[in-house]
Amino acid sequence: MKSLYRLLALSLSAALGFLVAASLPFVAATSLPSLFLAAIGASLLVIALWKQLDLLAALGFVLLTAAAGLAAWRGSQPLLCLSSGCASLAAWDLVSFGLLLRLTATPPDSRLFKRRLLRLGIVLLCGWGFGALALQLKLHLGFGALLLLAFLVVLSLSLSMMYLRRRDVRG
Amino acid sequence: MILSRLVLLAVLFYALLLVGLGSLRSELLALALPLGVYWLASLWLAPHRLKLSARRTLDVTHLTAGGTVEVQLELENQGSAIDALWLRDALPPGLEVTAGQPGRLATLRPGETLSLVYSARVARGVYAYDNVDVHVSDDFGLATSVLRLPAEGAISVLPQAVRLRGIPLRPYYTLGYHGAIPARRGGAGVAFYGVRDYQPGDALRQVNWRLGARHPDVLYSNEFQVDAAADVGLLLDARRDRYLSFGSDSLFEAAVQAAASLALSILGEGNRVGLLAFGHILSWTLPGYGKLQAERIFQALASLHLGNMQNEIPEPLVTHFFRPGSQVVAISPLTRWDVMSLLRLHARRYNVLVVSPDPASFEYQHLAPGTPRELALRIARLERQQLIRPLRRAGILTLDWDVAQPLDQAVSVLQRNAGATLPLRGGGS
């Protein structure tokens with residue numbers, strides 16, 4: 001569990017640090033709401049793990065993502081906001097894993113933990129890479145093509161969600 | 001988990017996507033991408049073919065209360081690889097894990113077997129394991145399936161019993177078989193019973209020469225009391241409102257142990273014993289002999305629960321199962337109504353022995369030391385003496401059992417007291 005706590009601390013620090021860095025060279029008054037949201041979100045994630053409340057973890061993740069989105073909306077450096085979003089996702093995943101370990105009350109299987117970390121790392125790297133690529137690419141699409149693309153994205157993800165929900169007992 | 005992680009992720013993803021598309025802000029669309037990748041990775045990693053089988057092994061299925069049972073649960077993966085599997089054995093109430101863990105979070109490759117071993121201390125009862133729930137999910141835990149696999153097993157935990165010596169049983173009627181209960185009739189035995197006229201065929205050592213000397217014309221022979229087997233009915237009170245309990249410690253357990261010890265000891269002396277328990281349901285074990293009957297009674301006692309279905313001692317059933325003149329051993333904390341019922345049974349020529357676990361002394365053990373406790377005990381004891389007095393006046397042997405004292409010691413005291421008061425002669429058959 002110690003390594004999990006260390007990684008959680010690291011990811012939360014990264015999430016907050018990237019947001020602060022995104023607001024530099026000076027932290028403007030317009031950045032304060034997003035920083036405030038992020039701080040509350042990070043605190044909620046820690047409390048969620050401490051008190052074993054899944055709902056707080058979800059709320060914390062939403063706040064951290066919202067803070068990154070708000071910072072990006074207000075013109076902060078988008079790449080750093082994206083990095084903060086990735087770090088928030090990592091923190092949420094680690095808190096969820098920690099809650100699962102607490103719930104099962106069993107010592108973690110080291111093979112399971114290592115593999116989860118590896119896969120999380122790959123997913124975050126891919127996600128960050130795609131995000132960074134998306135920020136660099138400039139495509140000129142017509143309205144019809146854009147609509148079709150958006151429709152395809154929503155359809156494919158909805159189908160995947162339906163598939164996963166059929167498997168997910170928690171709905 | 002109350003909130004599905006999948007739903008939360010979907011809501012966030014779509015929110016960022018819609019706001020990004022609506023406002024034509026690429027930064028927000030970029031923020032949605034890591035969530036989408038996480039989601040798709042979860043979909044990709046989700047186990048597609050789930051086929052698991054479970055097998056449960058118990059090292060013992062019959063044991064006495066307070067014993068330990070080792071449970072082994074094996075889970076074999078006959079399908080595709082499972083990234084995260086949470087196996088948790090649902091423990092029946094009354095089992096307390098002493099070693100190992102009843103749950104495990106692990107990963108399982110195809111063909112691999114996961115083994116879960118734990119030891120549990122068990123209280124009296126009959127425990128049945130039915131199914132085991134296995135939670136299976138992808139690595140990120142976005143979609144979790146629950147598989148219910150059959151893994152049956154049953155444990156019978158019998159009450160603890162000690163062998164009691166010298167239980168003062170004096171039924172009016174005994175059976176024809178040799179036993180250990182004074183039969184109230186003359187014959188081959190050890191204890192002196194009486195004198196009768198000499199009959200041809202009597203051995204010379206049977207002749208009472210002293211009496212013969214006083215009556216020169218007649219010879220007399222000594223008779224010895226026959227020790228025979230008898231019908232004994234155990235009547236166990238299982239009404240909830242009669243018993244106190246403090247946490248897991250219940251006076252009822254003492255009553256059940258007393259019933260088990262009495263059954264074991266009385267059967268061991270060759271008697272025919274039946275059990276009638278009333279409370280939750282009417283549970284009866286028809287009279288029988290030997291070890292098999294002891295097992296039947298122990299099984300009945302193991303599955304016995306407290307209840308409030310009956311308010312009074314079922315006298316008609318007692319008369320139905322045990323013929324008048326036989327011995328009835330009632331095990332109950334007693335109330336005024338019970339005393340009346342027992343007196344009526346006594347009037348019907350049942351020889352009644354009452355073993356009454358004392359609620360006052362039981363409660364005394366669980367109260368904080370101090371003057372109020374001592375005073376309360378004195379008052380409770382006076383009340384109890386008043387309660388029991390009619391039974392003793394009617395000649396019913398009553399053991400007011402302080403459960404802090406071992407039952408065998410209490411019974412030996414009862415036997416000493418009974419020796420002076422019990423009539424040896426009666427209407428024997």
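**Where the two chains meet**

Start by showing chain A and chain B together: across their interface, ten residue pairs are in polar contact, with both partners at pLDDT 80 or more. Keep in mind as you click around that this is a predicted model.

Now color chain A by element. On the side that touches chain B, helix H3 (54-73), helix H4 (78-104), helix H5 (110-136) and helix H6 (143-167) of chain A each give two or more residues. Switch to coloring by residue class, and that side of chain A divides into 34 nonpolar, twelve polar and twelve charged residues.

Next, select everything in contact between the chains: you'll pick up 58 residues of chain A and 60 residues of chain B.

For one of them, zoom in on Asp83(B) and Arg119(A), whose side chains meet with 3.1 Å from N to O.

**Two backbone stops**

Most residues other than glycine have a negative phi. So where do you look for a positive one? You'll find Gln52(A) in the loop between helix H2 (32-51) and H3 of chain A, and it counts as partly exposed at 43% relative accessibility.

Last, jump to Leu334(B), in the loop between strand E17 (327-331) and helix H7 (336-347) of chain B. Leu334(B) has a positive phi too, about 75 degrees. Is Leu334(B) buried or exposed? Buried, because its relative accessible area is 7%, and the cut-off for buried is under 20%.

Notes: Residues are numbered from 1 along each chain as its sequence is written. Chains are lettered from A and ligands numbered from 1 in the order in which they are written. This is a predicted model: local features need pLDDT of at least 70, side-chain atom pairs count only at pLDDT 80 or more; totals for chains, interfaces and linings use all residues. Side-chain values use heavy atoms; hydrogens and water are left out. Contact means heavy atoms within 4.5 Å. A salt bridge is a side-chain nitrogen of Lys or Arg within 4 Å of a carboxyl oxygen of Asp or Glu. A polar contact is a pair of N or O atoms within 3.5 Å; within protein, one must be able to donate a hydrogen and the other to accept it, and residues adjacent in sequence count only if both atoms are side-chain atoms. Helices (H or I, at least four residues) and strands (E, at least two) are DSSP runs, numbered from the N terminus. Ala, Val, Leu, Ile, Met, Phe, Trp, Tyr, Cys and Pro count as nonpolar, Asp, Glu, Lys and Arg as charged, and the others, Gly among them, as polar. Buried means under 20% relative accessible area, exposed over 50%, partly exposed in between (1.4 Å probe, protein chains only).
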